[in-house]
Amino acid sequence: MTPHIDQARTRRILHAIDGELTGAAFEEVIDPSTAEAFELYPVATADELDRAVGAARKAQPGWAALGWDARAQCLEQLADAIDAQTDWLATLHTMEQGMPFSQSLLYVSVAARRIRAMARYRIADRILIDAQDRRVTERWHPLGVIAAIAPWNGPLLLGMMKVVTALICGNTIVLKPSELTPLSTLEIGRLGLDLFPAGVFNVVGGGRETGAAMAAHPGFDKISFTGSTATGLAIARASAQFLRPMTLELGGNDAAILLPDGSADALVAAAAGTGFHNNGQFCAAVKRIYAPASMVDEVAGKLAALANGFVLGNGFEPGVTMGPIQNRAQFDKVRAFVADAKAVGGCAVAGGATLDRPGYFMQPTVFTQLTDGHRLVDEEQFGPVIPIVSYDDVDTVISRINAGPYGLTGSIWTADLDHGEAIAARIAVGSAAINRHAAFDAVVPFPLIKQSGMGIDYAEEGLKGTMRMQVMTTTLPPPDIEGAA
């Protein structure tokens, strides 16, 4: 049963701009488990966006001057505030995003932990040359004001990673959550009002128009976006006129390759854990499995058994392990993938149907009898549907993967680790793994290549993406020869 939201609290879910709560225009937020509106969120006007950018620019020099330790302390306090409001934030997260409440609790806790992990970094100056006549130093400075646009699949967690990456390095930020899942992030903006100087941490609501306005706004020094490849390309075009850096984390069609000596059990556990978790709405989920022809039936049977074990329903219902797809457009897209796979001869060995109830519920689905060239294999479905593709020659599989437009992640499953690493090195992806999939960690860089994006997220390399390098050369006085004598 969906809990009643305390209206006295939701009235505080507004924009957080320049240390104040504000909001004039509102639109509906849809609960994906019912397909009905349950709350309103604020939509930033052009004036409100300008105010947020101006406040961030005004606050940035003072925030940078505080130094690493003082900024880290503020971010630690934000993590503490998130932990203190875990239940409330998870409630909002489940109602707007759809995932089971227990999983929302985990996402909120992980967001706080990753804020703390990233806040421990320090980007230090480095002496490149220390010679008798000169000293050359590599120095790092914050870029300034960061525009961050977070996605709907993991709004709170992914949004907070953008926040800590920008703020710890001395930048200020204007963060826009997706209009489909705005509430939990806007609520964190409210929590930050008493923790940061005014103008440092701004959160605005809004839809595509607001995102487009941010991409075209001259007041930002960098754009950080997570979402679809199509939207990322539009943002890149709008922002290119300013020649400013961008980090774009976009789509993926991540493949898991099972080698003949690999463990089918380990692979299917990872495939279910990423490809069905959160309805497969995870950029680095297993999107397709390549299995030797002799192992396809084994893999399909084991993955189908796991798929059939999920309990679908409202995220607040006891025992539910999978909620709805987050929005109607994505629901329709996934249904179209399933219909197309059936039409071209694909065999659904598990799932393949929607639930006859309100909301956007799709059964976890496993397909066989599909090959490269079919839509479900070639494109990113971003839903709980996994095709298993038979192969005879792994070199052909590698060629097919590398010929595709995406390059986010991939995995190899084998008992021969050296061979697995050799195969992984040949796949054009930013992050490859052997005997695991989607090995995310805040302290491990996440490179973005091809149409899966540009730049690097996380770890020291991700932080440097919000900074600019300056090389300083100092001519040193010649030694005092006479004095030395």
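How many nonpolar, polar and charged residues are in the lining of the second largest cavity? We'll get there, but here is some background. This is a predicted model, where local features need pLDDT of at least 70, side-chain atom pairs count only at pLDDT 80 or more, and totals for chains, interfaces and linings use all residues. Residues are numbered from 1 along each chain as its sequence is written, and side-chain values use heavy atoms, with hydrogens and water left out.

**Finding the holes**
- A cavity is a set of points on a 1 Å grid over the protein atoms alone where a 1.4 Å probe fits but cannot get out, and lining residues have an atom within 4 Å of a point.
- Points are joined across faces, edges and corners, and a volume is the space filled by probe spheres set on them.
- This rule gives 5 cavities of 30 Å³ or more.

**The largest cavity**
- Its volume is about 160 Å³.
- It is lined by 18 residues, and Met161, Lys162, Thr165, Ser224 and Asp457 sit closest to its centre.
- Helix H6 (155-168) gives the largest share of this lining, 5 residues; helices (H or I, at least four residues) and strands (E, at least two) are DSSP runs, numbered from the N terminus.

**The second largest cavity**
- This one has a volume of about 90 Å³.
- Among its 15 lining residues, Asn253, Ala255, Ile401, Thr409 and Val429 are the closest to the centre.
- Strand E17 (409-413) supplies the largest share of the lining, 3 residues.
- And the opening question: this lining has 7 nonpolar, 6 polar and 2 charged residues, where Ala, Val, Leu, Ile, Met, Phe, Trp, Tyr, Cys and Pro count as nonpolar, Asp, Glu, Lys and Arg as charged, and the others, Gly among them, as polar.

Conventions. 1 Å grid on protein atoms, 1.4 Å probe; cavity = no way out; pocket = protein on both sides within 12 Å on 5 of 7 lines; lining within 4 Å.
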